[in-house]
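Trainee: I would like to learn how to read a structure like this one. Where do we start?

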Amino acid sequence: MKTYLAIFRIRFIHGVQYRIVVFSRLFTGFLWGMMMVLAYLAFYRANPTNFPMELSQLVSYMWMQQVLLILFSVVFTDNEIESSVENGSIAYELVRPADLYGRWFSRACASRVAFTVFSLPMLIVVLLLPEPYGMSLPPDIFQFMMFLPSVILALGVTVSFTMLMYVTMFYTISFGGVYVMVIAATAFFTGAVVPFPFLPPPVRTVLEVLPFAAMQNMPLRIYSGNIAGTDALRGIVFQIFWLVLLIAAGKLLMHRALKKVIVQGG
Amino acid sequence: MINFQNINKTYRVAKRKAGFGNAVKALFSREYELVHALNDVSFTIRDGEMVGYIGPNGAGKSTTIKIMCGILTPDSGLCDIGGRTPWKERVAHVREIGVVFGQRSQLWWDVPVIDSFELIRDIYKVDEKLYKHNLDELSALLDLTELLKTPARSLSLGQRMRCEIAASLLHNPKILFLDEPTIGLDAVSKIAVRHFIKKLNIEHGTTVILTTHDMQDIEALTERILLIGKGRILLDGSLAELKKRSSERKTLVVEYNGNSPEIGEGMTLSEAKEGRLVIVLDPAVLSVSNAIAHLAAQTELTDVSVSGVTAEEMVAALYKEYRI
């Protein structure tokens with residue numbers, strides 16, 4: 001465990017160095033969030049009765065999504081992991097006496113957390129925005145207490161999915177192709193572009209059982225109060241289910257890949 | 001003790017001819033060529049030995065190192081290092097070894113070197129006191145004190161290589177694999193690194209296996225040489241023995257003032273300039289002292305130097321002899 005914390009630590013230090021990236025991320029996050037809120041407001045004004053979420057829930061969903069964007073991004077990948085496979089410095093990773101899956105997992109979590117820590121000031125700003133543009137607090141303390149573990153689980157599910165992408169690199173060497181496919185899939189399947197309640201019911205029933213539903217969908221809807229009470233508890237169990245399954249699959253596949261891997265070149 | 005027995009490894013390499021047409025064709029069907037990187041390779045290395053592993057490019061040196069590090073599984077054969085098979089018990093095995101891949105980096109690019117060192121300490125679970133001791137010793141010997149606070153990206157190649165070597169030794173490995181450790185180093189760093197490796201071997205009894213193309217490394221460091229070519233071990237012996245096998249001729253460089261001297265029997269002129277001669281001497285015909293006396297009698301010598309065959313020439317001759 002200490003090993004993984006140490007890796008988390010160095011990746012965190014590494015991640016917080018990029019100040020400009022963080023500022024520009026905050027800036028675009030704010031603008032993008034504002035744009036989304038305004039767009040949905042226009043829909044709401046056009047036809048409030050057909051709106052599948054309460055307006056305040058939707059606005060909270062949108063803002064929290066921007067604040068935690070990187071935390072829940074499947075494709076916020078680690079250049080160094082990719083280039084280590086491409087150029088062969090993975091050789092060094094393999095001569096370390098610790099499990100590679102665990103080390104990459106902690107790295108991937110750390111880089112997301114490092115980035116997100118600096119997005120937190122945005123919370124204050126969006127909480128202070130006037131109605132109906134601003135984010136509201138969760139409806140009650142129970143929702144908030146459910147939100148916290150749900151965030152951590154969503155991060156875990158997201159990262160364990162990213163780990164599957166990394167494993168494919170052992171076969172393809174390059175990362176580009178998988179990356180593009182996953183961007184396209186996750187933007188839609190995770191509820192990153194359109195929240196699940198806005199999707200047509202047949203599509204929704206399918207998406208709600210996929211692992212993507214255990215990512216940002218869960219904590220954002222729990223925070224906003226769209227999934228409440230026992231449904232929230234059930235959601236957390238659902239997240240744990242996918243987390244365990246994806247980690248088991250990732251570990252197994254990585255184990256198999258590493259048996260066959262050939263580090264090329266001198 | 002390292003026991004390497006009848007190891008074979010074959011790679012499948014995709015090949016195609018140049019050009020657009022061939023590139024399109026390769027999209028649908030690829031041609032592979034089998035490359036026999038290692039062909040029935042066997043050797044034993046005792047604890048505390050320092051071995052130079054040499055061979056031309058593509059001979060199979062790095063493949064051997066990768067197998068010994070446990071990161072590559074051979075097609076067949078046995079390898080036993082300290083009672084373990086590297087690729088089967090990789091995690092337990094790598095705790096005991098240190099590796100420097102001269103072509104790659106193990107330091108985190110954007111953070112100060114010391115942070116990378118501390119990460120390695122935590123991964124290998126090195127005791128804090130031992131870590132401190134090793135770090136102090138390594139910093140002193142490799143002159144790292146100033147470099148530790150610098151991010152790896154701002155280091156020059158030679159500075160980084162010194163840090164890489166230190167990083168591989170923080171956990172007191174019993175065996176050190178060095179894959180071209182002096183690549184790109186300046187003369188001062190090279191000498192420092194060689195001196196350091198020698199010291200490590202003598203004081204800590206670390207087994208060192210070194211691959212390099214720099215024959216001065218070999219000459220300065222290793223007693224024993226393994227020569228590999230086309231995936232086979234061709235020679236296994238001491239440097240002195242190898243030198244004896246090759247020719248004993250000497251090279252004599254003289255500088256003189258005045259008349260150009262006539263060369264005598266047993267000498268061949270290989271280069272002549274105004275005031276400077278390079279002569280190849282066969283000591284069986286004419287001894288070195290007689291040769292110098294012969295020249296000195298004819299003119300005023302200002303400088304004389306005598307050298308035997310260099311390791312470089314010797315290895316080139318070996319490569320030629322074995323047609324590799």
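Trainee: Which residues is A:Ser89 in contact with, leaving aside its neighbours within four places in sequence?
Mentor: Remember that this is a predicted model. A:Ser89 touches A:Ser83 and A:Ser84 in its own chain, and B:Arg104 and B:Ser105 in chain B.

Trainee: Where is the place of A:Ser89 in chain A?
Mentor: Look at the loop between α4 and α5. A:Ser89 sits there.

Trainee: Is A:Ser89 buried or exposed?
Mentor: Check the relative accessible area. Under 20% means buried. A:Ser89 has 15%, so it is buried.

Trainee: Which residue just after α4(A) takes a positive phi?
Mentor: A:Gly88 does, at about 95°.

Trainee: Now the interface. How many residues of chain B are in contact with chain A?
Mentor: Count both sides. Chain B brings 34 residues, and they touch 32 residues of chain A. Next, take the area. The two chains bury about 2,900 Å² between them. Carbon and sulfur atoms carry 59% of that.

Trainee: Which residues of chain B lose the most area to chain A?
Mentor: B:Arg104, B:Trp108 and B:Ile123. Together they make up 24% of what that side buries.

Trainee: How many salt bridges does the rule find across the interface of chain B and chain A?
Mentor: First, the general idea. Side chains of opposite charge can pair when their charged atoms come close. Across this interface the rule finds two salt bridges. The side chains of B:Glu118 and A:Arg9 meet in a salt bridge, at 3.6 Å from N to O.

Trainee: Which element gives the most to the side of chain B that touches chain A?
Mentor: α4(B), with seven residues. By class, that side of chain B has 16 nonpolar, six polar and 12 charged residues.

Trainee: What about pairs inside chain B? Which residue forms a salt bridge with B:Asp75?
Mentor: B:Lys9 does, with the closest N and O atoms 3.7 Å apart. Now ask how far apart the partners lie in sequence. B:Asp75 is in the loop between α2 and β4, B:Lys9 is in strand β1, and they are 66 residues apart. Then check accessibility. B:Asp75 is partly exposed at 46%, whereas B:Lys9 is buried at 6%.

Trainee: What distance separates the closest N and O atoms of B:Lys15 and B:Glu33?
Mentor: That salt bridge has them 3.1 Å apart. It links strand β1 to strand β2 of chain B, across 18 residues. B:Lys15 is partly exposed at 42%, and B:Glu33 is partly exposed at 38%.

Trainee: Let me finish with the whole of chain B. How many helices and strands does chain B have?
Mentor: It has 11 helices and 13 strands. Chain B has 324 residues, and 48% of them count as buried. Its C-alpha trace spans about 70 × 55 × 45 Å along the principal axes.

Methods. Residues numbered from 1 in each chain as written. Chains lettered and ligands numbered in written order. Predicted model: local features only at pLDDT ≥ 70, side-chain atom pairs only at ≥ 80, totals over all residues. Heavy atoms only, no water. Helix = DSSP H or I, 4+ residues; strand = E, 2+ residues; numbered from the N terminus. Contact = heavy atoms within 4.5 Å. Buried area = accessible area lost by both parts, 1.4 Å probe. Salt bridge = Lys/Arg side-chain N within 4 Å of Asp/Glu carboxyl O. Nonpolar A, V, L, I, M, F, W, Y, C, P; charged D, E, K, R; others polar. Buried < 20%, exposed > 50% of the residue type's maximum accessible area, 1.4 Å probe, protein only.
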